[in-house]
Amino acid sequence: MEERYDSWPVKAYTYSMIIWGLASLLYGVVISLQLVYPGLNFGEWFSYGRLRPIHTNGGAFGFGLSGIFALSYYMVPRLAKAPLFLPKLAKFNFWLYNLTIAAAVITLHLGFSTTKEYAELEWPIDILVVLFWVFFAVNMLGTILTKTVSKMYVSLWYVIATILGVAVLYIFNNLAVPASLFKSYSLYAGVNDANVQWWYGHNAVAFVFTTPILAIFFYFFPKVTNLPLFSHRLSIVAFWSLVFMYLWTGAHHLIWTPVPDWLQTVAIAFSLMLIAPSWGSVINGYLTMGNNWEQMKTNYLAKFFILGITFYGLQTLQGPSQAIRSISSLIHYTDWVPGHVHMGTMGWFAMTIMASFYYVIPKIYKTDLYSVKLANTHFWLVFTGQIIYSISMWIAGIMQGAMWKATNADGSLKYTFQDSITASYIYWDIRSIGGIIFLAGAIVFAYNIFKTIQQGSQASKVKTEGAV
Ligand code: HEM
Ligand code: HEM
């Protein structure tokens, strides 16, 4: 049965996930140090302003998409009980995708940027993005349409939402008038541009950091724990309400800006409502564990998934509260926001993706994981690194917000902006330490995966030679 399923794309994207993942984390550590030690800005090509978008795009679209592609190529044919629709297209798309990411890294180093966050790539690269996304969509939707079972498991709905959501948002936000090969002007202006940008920006959170990861969570979590999902009905109700509500929340990035007040209020209301579907998934995860919580001790993978969904739960309480006007006025523009971001990206997103590879790689290489001990070491390193990162940024963020608001009796500002920067250095140093620990965890993960692949490949070679 397993032989029906083409494992080439899963294997290939595993390599790109590891390469782009380690690179983007390294860029993350470097930019975190550059904020404290400006001497590390080695010329314009390696300046903070150019490296930051490489880190963010590399994390989301290099590491993240590679992981999402690999795991989708694994789970969608199995859920559809149908072979991959067009395996040759998947092969071609792998190279197209990697070429696009490499082009993104090079052009961002050279300083070509639209300056819109998460949409910095210039128009020729945008076209490549659209192409690889359409090819991925054709393969996934084609496989789902040819499915041989009647049930649509919730992960398939999340994959479809990811495909459609990213396609619509990416195209609309990137509409631009080219002025030359690497310079374009957005089709929108002023407040409209900001509004479309954050409609896209927040839905990058929804359709890259959330829906595909929920697809992965709902597929792999029952598998690794060997427990049936608590409620498929609850997962479907949560799915439809989540995708409906996310699309209205973009303007919560623009509280206290010239964007119309009513639009900000709509975004705040939908952000608060989002707690329900988000927690629908969290509770479904917890209840799936039922009376089997001893697996947190005995099953290293349960630990990854439960901590992952817990960080998602915390993230989806923190996010809505940040959208409230009074809280936004304290934390917006401060380090609180990177603290929020990295609880989600390092805690939920990276943890869930990496854990799924511990399940998939031994399966497709028909071997055992090289070392469970190393997987546990990986867990504690990324967990500790992420906690240090987020907590240091939350403290720094509240301190910065409070310092900017503090006034003397005569109404003048108590602190200069520079005072708040000087006070932040210690927290930025601590963040870098957290980042280095997280990167060390990711290196342990990569090593464990490579050794497992090597072990599986050697065993199959011996088997083949034995057969000859
Ligand atoms: C070694 C671990 C990491 C380190 C040291 C790190 C460091 C940083 C730093 C210094 C920033 C800039 C913050 C600022 O603007 O002041 C940043 C932003 C960002 N990083 Fe990371 N990062 C790490 C892991 C990740 C991962 C795994 C992802 C995603 C998969 C990610 C996604 C992002 C995003 C989306 C932003 C933009 C946040 C914002 O605009 O508020 N990071 N990171
Ligand atoms: C109920 C769900 C969520 C809500 C309502 C929410 C709300 C928010 C708000 C209000 C901000 C803006 C903070 C500011 O700049 O003042 C923000 C930023 C952000 N959130 Fe969340 N959040 C949610 C879940 C998540 C999740 C699951 C992730 C996954 C990683 C995430 C990643 C981000 C990122 C990357 C940004 C920074 C964007 C930027 O400024 O560059 N959020 N979120």
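Good morning. The protein I am presenting is divided into domain 1, residues 1-187, and domain 2, residues 253-468; these bounds come from an automatic or database domain assignment. The model is predicted: local features need pLDDT of at least 70 and side-chain atom pairs count only at pLDDT 80 or more, whereas totals for chains, interfaces and linings use all residues. Residues are numbered from 1 along each chain as its sequence is written, while chains are lettered from A and ligands numbered from 1 in the order in which they are written.

Let me begin with the two domains. Their C-alpha centres lie 19 Å apart. Across the boundary, 20 residues of domain 1 are in contact with 21 residues of domain 2, contact being C-beta atoms, placed from the backbone, within 7 Å. On the domain 1 side, α1 (8-36) and α2 (48-80) each supply at least two residues; helices here are DSSP runs of H or I, at least four residues, numbered from the N terminus. The largest contribution to that side is from α1, with 14 residues. By class, the side comprises 11 nonpolar, 8 polar and 1 charged residues. In this scheme Asp, Glu, Lys and Arg count as charged, Ala, Val, Leu, Ile, Met, Phe, Trp, Tyr, Cys and Pro as nonpolar, and the others, Gly among them, as polar.

I turn now to ligand 2. It is surrounded by 27 residues, the closest being Phe209, Ser271, Gly319, His332 and Gly344; a residue is near when its C-beta atom, placed from the backbone, lies within 6 Å. Which helix gives the most to this shell? That is α12, with 7 residues. Helices α6 (190-207), α12 (300-323), α13 (325-331) and α14 (336-364) each supply at least two. The shell has 16 polar, 10 nonpolar and 1 charged residues.

Note on methods: Contact = placed C-beta atoms within 7 Å.
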